[in-house]
Amino acid sequence: VGELFTEIKNQFINGLKEQDWVDDATRSQAHLKPRFFYDFICEHQPDLLAATETWFNDRESAPKTQCTPGGYKFFDHPRSGRQGGGTGLLFKNNLQVAKVAGGERQSFEYSEWKVTSGLRRINLIIVYRPPYSVAHPVTSAVFFVEFAEYLESIVLSADPLLIVGDFDIHIDSNENYDAIKFLELLQSFSLTQHVEVPTQSSGHILDLIITRKTDNLVSSVPRAVCLFSDHMPVFCELDMGKVLFTKSKVSYRNLSAMNLDALRKNTFCKNTDMFDVNELAICYNETLESAINRHAPLRTKTIVTRPYLPWFNTEVKSAKREQRRAERKWRRTKQPHDFQIYKSKKNYMIFVMNRSRKKFYTDFVLEHSSDQRKLFNAAKSLFHQRNDLNFPAYEDQIMLANDIGEFFVQKIENIRSELDLSASDLHNRVFDESITLNACFDSFEQLSEEDVKNLITKSNGKTSSLDPMATSIVIQCQDILLPVLTRMINMSLDSGVFPPEWKVADVCPLLKKSNLDTCTAFENLRPVSNLSYVSKLTERTVFNQTNDFLNTQRLYPKGQSAYRKCHSTETALLRVTNDIMMNMNRQHVTLLVMLDLSSAFDTVDHDTLLRRLNHEFGIKGRVLEWFTSYLSKRSQFISVNGGRSRLFDVSCGVPQGSCLGPLLFVLYVSKLFSIVEKHLPDAHAFADDSQLYVSFKPDSTCDQLAAVAALEHCIDVIKDWMLSDKLKVNDGKTEFLIIGTRQQLAKVNFNSLRIGDNSINSIDKAKNLGFWFDSLMKM
């Protein structure tokens with residue numbers, strides 16, 4: 001499309017109908033939609049795409065991901081409470097998009113978006129009006145009244161106004177009363193409708209592009225392209241400036257052209273016996289960095305993120321060519337016979353593309369089937385939306401990185417200050433108890449070179465910016481490096497010292513949730529630490545030996561499923577689900593509370609943690625010294641979009657992204673279960689996701705009140721303990737469900753729970769460790 005225009009303008013598509021992909025498609029063929037949509041985007045590469053009848057809901061991520069090629073993002077507004085409908089917006093990464101509002105009237109549904117490109121911003125409205133039917137018996141008269149009221153609220157927008165969507169009115173018919181009245185309505189608001197070509201296979205115009213007459217936003221005549229379903233996509237140009245795909249600079253080393261034998265000769269560390277562990281860590285880094293810079297110097301290149309079809313091959317290309325040829329002939333002749341040929345060619349193209357895609361995913365699964373973790377990560381990359389960061393307000397990425405770093409530090413300081421102020425009301429209440437242990441863990445076992453080799457074999461091989469040499473090259477040179485690696489790890493364990501070189505973290509901010517309206521707010525970011533390879537090998541050694549001790553002495557909390565062998569999110573979900581289902585079978589109702597903690601990993605108090613390791617888990621002597629060294633004087637910097645911040649000191653918390661961080665957090669919050677045992681029969685947790693639940697017979701009001709009182713009192717005690725341990729319960733994000741059969745739920749005469757100073761209402765459904773729970777346990 002872009003070759004047809006010489007001016008710098010946007011491409012825009014309106015009216016993509018996702019309910020059916022071909023005329024004879026049904027909902028049973030819904031699996032064809034994402035791949036055909038994906039192919040359409042890759043072929044036409046629009047800057048913006050407005051879609052109606054998306055049929056998505058809040059719980060679906062895989063179909064959205066499959067509809068979103070590289071270089072794009074997809075936001076949507078699903079229909080509420082029932083199937084079908086919904087609107088969505090696909091856009092290039094370089095555009096800044098925020099959802100302003102979304103809702104439903106009796107006769108239509110809509111979503112409002114602010115779209116910014118450079119210095120130009122528009123107010124985009126996507127409208128879908130369902131046709132009159134038995135399931136939707138709403139007349140056009142109702143629509144005209146409601147749409148007129150809606151126009152009154154948006155027509156005075158300060159930004160240029162663009163209204164697009166499927167209005168289900170044959171606007172081309174001069175004798176159609178609804179068409180005449182609709183055009184008169186637009187005229188009364190000084191709005192103009194731009195589409196003058198048929199957008200439906202029947203030859204009528206139903207999909208519209210509407211602007212104010214004074215905006216001069218649409219700068220080309222809209223045109224309909226291929227028959228997407230019984231509707232045709234409509235292209236037009238917007239006068240908003242050119243939108244390019246995202247470009248980024250990446251640093252790389254040409255490792256394939258490197259002389260590995262020559263490199264191996266330069267990676268040998270001499271006289272390692274003369275160093276202490278700190279000096280040896282510095283020597284190791286300097287030696288490897290010097291060697292890799294000599295044989296594979298660092299280079300920079302610019303890459304452009306573009307959409308592509310990984311399963312595209314010559315057969316698909318040929319089928320698409322035949323489809324386009326048949327379509328051109330049908331458009332030229334308008335003959336029913338040519339239309340049937342076009343449909344046949346189109347369906348065959350879909351069949352070929354489906355077969356090619358199936359083969360791609362089959363080969364993909366077979367390639368990763370030997371390693372469950374790799375298979376999970378690979379599947380996640382395919383079926384979960386990418387949380388790409390985009391901060392259009394920042395041109396200086398170093399400034400952006402510094403601001404994010406300052407935000408992370410200030411956020412923790414604010415939480416700690418708030419906790420200190422609230423903890424002053426506890427009147428020195430003590431929650432720690434003296435525990436008699438049969439054994440202690442006071443020294444580490446030394447590793448052999450074979451032990452370190454096994455550690456390397458089992459490691460994921462990920463390289464951090466803190467590594468002096470790519471981990472893949474270190475592994476290839478492990479026969480030379482094993483002695484120095486073994487010596488560094490053993491010296492650290494024996495001396496109880498974790499070198500300062502290993503205490504620096506390269507923090508990569510990640511979005512907490514996908515499909516956010518805007519990612520410019522730092523509150524939506526989670527800090528994840530990338531650590532040097534040698535530090536991770538050392539941490540893994542400490543983890544293995546500490547974990548063996550805790551398992552042998554049976555010191556892990558019974559209700560904690562995180563980071564333990566034969567325990568996972570699956571076991572946590574099975575335990576909680578089984579308990580709830582058994583309660584339902586006994587005609588009991590269950591109250592389930594899912595506590596939300598604010599920055600739990602980042603607010604861990606080091607002194608409290610070390611004290612707990614010593615008194616409650618028997619970690620003493622050199623091992624305790626090592627953990628003290630590991631936690632002290634840590635620092636981090638932020639890396640985002642190629643920018644790198646200054647160093648920030650870290651005085652509390654455990655690093656997310658390390659193998660020891662989660663273990664230490666589990667031990668830190670172990671007190672939770674001893675508190676719950678005194679007040680409630682059931683609780684379970686996976687890391688910082690804690691679930692409290694209690695069941696009762698709903699026939700008695702006394703039993704109901706007793707269950708609520710017990711749960712509220714337990715939460716009060718938990719909050720007091722967390723205050724003393726520098727953890728903050730986020731009352732506003734804590735979720736509460738009342739679960740049971742329909743008959744038993746009808747007997748419950750309350751729907752709220754007191755959490756601290758707040759009262760939270762029960763909700764119908766909630767996401768729990770990646771799965772959805774509802775009040776009837778049917779999701």
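Biologist: Is Cys508 buried or exposed, or partly exposed?
Modeller: This is a predicted model. Buried needs a relative accessible area under 20% and exposed one over 50%. Cys508 has 29% relative accessibility, so Cys508 is partly exposed.

Biologist: How many disulfides are there?
Modeller: A disulfide is a covalent bond between the sulfur atoms of two cysteines. The rule asks for a pair of cysteine sulfur atoms within 2.5 Å. By this rule, the number of disulfides is zero.

Biologist: How are α3 and α4 oriented to each other?
Modeller: Helix α3 (residues 140–154) packs with helix α4 (residues 177–188), their axes 11 Å apart and at an angle of about 10°. Angles under 35 degrees count as roughly parallel. Therefore α3 and α4 are roughly parallel.

Biologist: How many residues apart in sequence are the parts that Lys114 and Asp159 tie together?
Modeller: Lys114 and Asp159 form a salt bridge, with the closest N and O atoms 2.8 Å apart. Lys114 lies in strand β6 (residues 109–117), while Asp159 is in the loop between α3 and β8 (161–166), so the pair ties together parts whose separation in sequence is 45 residues.

Biologist: Which residue of helix α10 is tied to Lys726?
Modeller: Lys726 lies in the loop between α20 (701–724) and β23 (735–739), 306 residues from its partner in sequence. The N to O distance in this salt bridge is 2.3 Å. The partner in helix α10 is Asp420.

Definitions and conventions: Residues numbered from 1 in each chain as written. Predicted model: local features only at pLDDT ≥ 70, side-chain atom pairs only at ≥ 80, totals over all residues. Heavy atoms only, no water. Buried < 20%, exposed > 50% of the residue type's maximum accessible area, 1.4 Å probe, protein only. Axes fitted to C-alpha atoms, helices over the stretch in contact; angles between N-to-C directions. Helix = DSSP H or I, 4+ residues; strand = E, 2+ residues; numbered from the N terminus. Parallel < 35°, antiparallel > 145°, perpendicular 65-115°, else oblique. Salt bridge = Lys/Arg side-chain N within 4 Å of Asp/Glu carboxyl O.
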